[in-house]
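Have the model open beside you as you read.

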Amino acid sequence: MAKTFSEAETAAQIANGLIPNYHPELVEARIMYIHVDKVGSKNGREVWGKAKKLSGIFEWYAEKDFLLEIAEDKWNELNATQRTALVDHLLEHCTGEEDDETHKMKWRIRDPEVQEFSNILQRYGAWHTGLVGFISIAKEIQLDEIIAQEAEIDLTDEQVHTSE
């Protein structure tokens with residue numbers, strides 16, 4: 001069955017509130033927000049959203065730099081905080097730098113600082129600097145309380161996004 005797409009107006013509104021405060025490099029970025037009807041999967045895990053850099057004919061035709069695609073069926077299950085976290089997470093993938101010569105923005109997609117298996121973390125602890133920083137931040141935000149409150153939703157990195 002073919003995917004169906006629709007505008008993700010609420011996601012765009014959330015992003016408009018996040019970008020000036022947390023993603024100032026994206027103020028000039030042209031971002032399209034869409035819903036896909038059903039959640040997809042990758043390697044057996046749900047993909048709730050994707051951040052894509054548009055280029056070539058797609059950038060020209062859409063007149064957009066990025067596309068954020070969010071699974072509408074999952075979106076409808078999330079509370080306001082989870083929706084904001086998902087949009088913020090997808091925006092973190094989008095970044096840009098001004099070209100010194102042309103003074104135009106060069107847009108790109110980036111990966112998260114940390115990608116690790118829970119089993120490796122359990123066996124070896126914070127074995128690299130990315131994990132050390134991640135764990136220290138997690139301790140500061142009282143992660144145990146957040147996990148207890150949101151136990152019914154697992155927001156692991158692999159479920160939330162992919163950046164194609």
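## Helix packing and a buried glutamate

Helices (H or I, at least four residues) and strands (E, at least two) are DSSP runs, numbered from the N terminus.

This is a predicted model: local features need pLDDT of at least 70, side-chain atom pairs count only at pLDDT 80 or more, and totals for chains, interfaces and linings use all residues. Residues are numbered from 1 along each chain as its sequence is written, and side-chain values use heavy atoms, without hydrogens and water.

Ala-11, Ala-12, Ile-14, Ala-15, Leu-18 and Ile-19 are the buried residues of helix 1 (buried means under 20% relative accessible area, with a 1.4 Å probe and protein chains only). They pack against strand 2, strand 6, helix 3 and helix 4, where contact means heavy atoms within 4.5 Å.

| Helix | Residues | In contact |
|---|---|---|
| Helix 1 | 9–22 | Thr-10, Ala-11, Ile-14, Ala-15, Leu-18, Ile-19, Tyr-22 |
| Helix 4 | 80–93 | Arg-83, Thr-84, Val-87, Asp-88, Leu-91, Glu-92 |

Now to strand 6 (residues 66–71), which holds Glu-69. Is Glu-69 buried or exposed? Glu-69 is buried, at a relative accessible area of 8%. Beyond its neighbours within four places in sequence, Glu-69 has contacts that include Phe-5, Trp-48, Lys-50, Lys-52 and Leu-90.

Technical notes:
Buried means under 20% relative accessible area, exposed over 50%, partly exposed in between (1.4 Å probe, protein chains only). Axes are lines fitted to C-alpha atoms, for helices over the stretch in contact, and angles run from 0 to 180 degrees between N-to-C directions.
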